[in-house]
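Subject: A structure for you to look through

Hi there,

Here is the structure I promised you. Please open it beside this email, and then read on for what I found in it.

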Amino acid sequence: MEFLTILYLTYTFIAFYFLMIYVLTYAQNRKQMYETIEPEKILSLSIVIPCFNEEKSIAKNIEAFLASDYKGLKKLIIVDDCSTDNSYEIIKKYAKKYPRVIALQTPKNTGRASGAKNFGIEYVKTKLIGFSDADSLPNKNAISKMVGFFNDPKVGGVTSRVFVNSPKNYLTKSQAIEYKIIAFTRKLLGFLDSIYVTNGPLSIYRKKAFDQTGGFDENNLTEDIEVTWHLVSKGWKIHMSIPAIVRSYVPTTIKTWFHQRIRWNVGGIQTVAKYRKKFFQCGMLGLFIMPFFMFSWFLGITGLFFLTYRLTKYVMMKFLVAKYSVASQVALVSMNDFNLNPSILFVFGIGLFALGALYTIVAMLHSKEQGRFIGHPFRDIFIYSLFYLLMYPPLLIVSFYKYMRGYNTW
Amino acid sequence: MLKSKKHVFWEAFIITIVIFLAGIFLGMLVETNNSNKISNLYLQSEISFADTVASSGLIENSDFDCNIIKQNNIDFANRIYAEAKLLEEYEASGKLTEGMKLLHKKYDLLRTLVWTSNQKSLERCNNYNLIVYLYEYESEDIAKKATQNVWSKIILDVKTQNDNILLLPIAADQNLISLDLLIGKHNITHFPALIINNNKVLYDIENTATIEDLLN
């Protein structure tokens with residue numbers, strides 16, 4: 001058997017295995033997807049929101065939290081990271097009007113969200129501590145739908161589902177689809193105690209558990225991934241509440257999107273590097289989350305090389321054949337060019353694609369916001385599947401390169 | 001309350017293995033079936049070849065009609081050409097087994113035998129054209145593969161327009177002693193190469209006219 005055939009089969013096997021884990025997890029837990037738990041008692045909660053130059057969104061963010069129906073929300077701590085716009089003035093105005101709102105400002109700009117969050121943590125005395133981004137808008141009942149999970153004393157964190165706020169162009173629409181699939185996948189991972197990130201737009205932690213982490217790692221570009229791994233490594237469980245919805249703004253241009261994804265990927269690599277000694281140890285972190293991360297990278301990068309190799313070879317061959325055919329005055333395409341006997345690799349590829357497409361549709365069915373069949377036109381799903389997803393592997397390679405060069409800019 | 005269901009890792013693993021093994025088994029079954037199909041065709045072609053060789057042996061007797069021998073040879077060559085096309089298709093889709101490569105070699109040997117057996121017929125009758133197309137089977141050079149692809153199309157065009165052509169495409173890099181001897185006899189230095197009526201060797205074809213000008 002040729003090396004490429006073996007590589008392709010290995011690739012397909014791993015991809016198929018991961019997809020099968022999701023399919024089975026979904027099949028066995030589909031009735032619990034939307035499950036929320038009634039809190040046994042109202043636990044006090046403080047929400048810390050870092051803010052840097054968010055004058056356009058911070059007021060809406062504060063108001064969204066003030067409108068929350070959760071009775072235990074005691075404090076809304078907004079930490080201004082020395083904004084150069086009018087953000088801090090707006091925060092102070094709200095602090096004056098609402099006693100629950102606390103306006104803070106860091107002594108100097110920390111340069112990243114984790115710095116401002118850590119500054120705000122010092123002021124939290126409640127049983128639960130939550131974090132949000134200044135441009136995120138939680139639904140009125142989002143917090144109520146999350147806190148019930150803390151009835152289980154082993155639960156250290158609960159995360160929400162993020163929807164993209166007003167997607168307009170193809171990039172934001174693709175992100176809207178991506179976020180829904182991520183949320184669906186994350187919920188499934190929750191059934192396996194394998195949630196690997198508690199998102200920035202809205203996540204709540206048990207204060208006792210959070211204190212064990214020593215706060216956010218300010219050297220990590222994805223402090224939300226790092227803190228989740230830290231909690232899981234200490235034996236805490238993480239859950240996700242699908243009905244807890246928070247809307248967030250996403251990058252609208254390729255440039256800002258690319259920058260954000262580089263940061264996320266480099267942060268992911270930093271986290272893997274930090275916890276490398278836990279590989280194949282330490283419960284689900286070392287046994288599944290880390291191998292899952294590594295295999296995802298392996299699949300992405302080998303898939304890219306495989307695709308590039310085959311595509312380049314194919315295009316070059318077709319170009320040369322066309323060039324020589326024109327020069328020799330023979331037909332560019334003949335019946336001999338068509339092979340109606342598909343190889344087993346092709347059949348496996350089609351099977352994988354079909355399963356992947358089915359998974360996407362099921363994920364979309366569970367996330368539809370509008371009345372449409374799956375919430376998005378097929379055109380958008382097609383663009384997402386064909387073009388947007390193809391951007392992942394090159395991003396990963398650039399991220400590895402940047403990580404090796406010591407990239408650590410927010 | 002939510003319960004962890006980690007057994008899913010094993011279940012997924014077992015299901016994936018079962019699906020993979022079933023897929024590979026099915027793939028091997030299809031490839032073996034294709035290989036058997038070609039083997040059966042080859043057996044029939046071997047019989048036809050023996051018949052063709054026997055009829056060509058009668059050429060020394062001048063009473064035999066050259067047209068019949070010509071037609072027999074061309075029909076036989078056309079048949080193994082069609083079989084080779086099918087073999088090529090099966091070969092392209094065969095990823096798990098090596099059987100097709102061996103069959104390809106057998107067909108190359110058969111075509112080499114047809115080439116040698118036609119030497120006398122061609123000399124004696126001289127009423128048809130013998131085109132032997134030698135190409136590299138294992139080449140990884142994209143430019144060479146593209147050239148060979150276009151040559152195949154040119155030669156097929158020529159053959160479609162002329163009834164009296166016996167076309168024999170043979171992979172030159174199959175380590176067949178008889179073929180290597182013939183290649184040496186014609187002083188062929190590189191591939192692809194075209195031998196027309198056992199006396200003209202072409203390493204460069206511009207278009208169909210290049211070949212047509214050299215035909216009888």
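Before we start, one term: two residues are in contact if their C-beta atoms, placed from the backbone, lie within 7 Å. This is a predicted model, in which local features need pLDDT of at least 70 and side-chain atom pairs count only at pLDDT 80 or more, while totals for chains, interfaces and linings use all residues. Residues are numbered from 1 along each chain as its sequence is written, and chains are lettered from A and ligands numbered from 1 in the order in which they are written.

**Where the chains meet**

The contact involves 36 residues of chain B and 39 residues of chain A. On the chain B side, the elements that give two or more residues are α1 (8-57), α2 and α4 (142-161). These labels follow DSSP runs, numbered from the N terminus: helices are H or I of at least four residues, strands are E of at least two. Which helix supplies the largest share of the side of chain B that touches chain A? That is α1(B), with 11 residues.

By class, this side of chain B has 18 nonpolar, eight polar and 10 charged residues. Here Ala, Val, Leu, Ile, Met, Phe, Trp, Tyr, Cys and Pro count as nonpolar, Asp, Glu, Lys and Arg as charged, and the others, Gly among them, as polar.

**Chain A**

Chain A has 13 helices and eight strands. Its radius of gyration is 24 Å, close to the 22 Å that the globule rule gives for 410 residues, so chain A is as compact as a globular protein of that length. (The radius is taken over C-alpha atoms, and the rule is 2.2 Å times the number of residues to the power 0.38.) The C-alpha trace of chain A spans about 85 × 45 × 45 Å along its principal axes.

Now find the open sheet of eight strands in chain A, with the order β3-β2-β1-β4-β7-β6-β8-β5 and mixed pairing. Two strands pair if DSSP finds at least two bridges between them. At the edges stand β3 (101-105) and β5 (136-138) of chain A, each with a single partner strand, so one side of each has no neighbour in the sheet. On average, neighbouring strands of this sheet are turned by 30° against each other, direction ignored. Axes here are lines fitted to C-alpha atoms, for helices over the stretch in contact, and angles run from 0 to 180 degrees between N-to-C directions.

Within this sheet, β6 (residues 155-164) and β8 (residues 237-248) of chain A pair in the parallel sense over eight bridges. A:Phe163 has A:Arg247 in β8(A) as its bridge partner. Helix α2 (residues 58-66) of chain A packs on the sheet, where it touches β1 (45-51), β2 (73-80), β3, β4 (128-132) and β5 of chain A.

There is also a helix pair to look at. Helices α8 (residues 223-233) and α10 (residues 283-328) of chain A pack at an angle of about 130°, with their axes 7 Å apart. They are therefore oblique to each other; angles under 35 degrees count as roughly parallel, over 145 as roughly antiparallel, 65 to 115 as roughly perpendicular and the rest as oblique. A:Trp229, A:Val232 and A:Ser233 of α8(A) make the contact with A:Met284, A:Leu285 and A:Ile289 of α10(A).

**Chain B**

Chain B has six helices and four strands, in the pattern α-α-α-β-α-β-α-β-β-α along the sequence. Its radius of gyration is 23 Å, whereas a compact globule of 216 residues would have one near 17 Å. Its C-alpha trace spans about 95 × 35 × 30 Å along the principal axes.

Chain B is divided into domain 1 (7-126) and domain 2 (128-216), with bounds from an automatic or database domain assignment. Their C-alpha centres lie 19 Å apart, and each domain gives 18 residues to the contact. On the domain 1 side, α3(B) gives the most, with 11 residues.

The four strands of chain B form an open sheet in the order β2-β1-β3-β4, with mixed pairing. Seven bridges join β1 (residues 129-135) of chain B to β2(B), and the two run parallel. B:Ile131 stands opposite B:Leu167 in β2(B).

Happy exploring!
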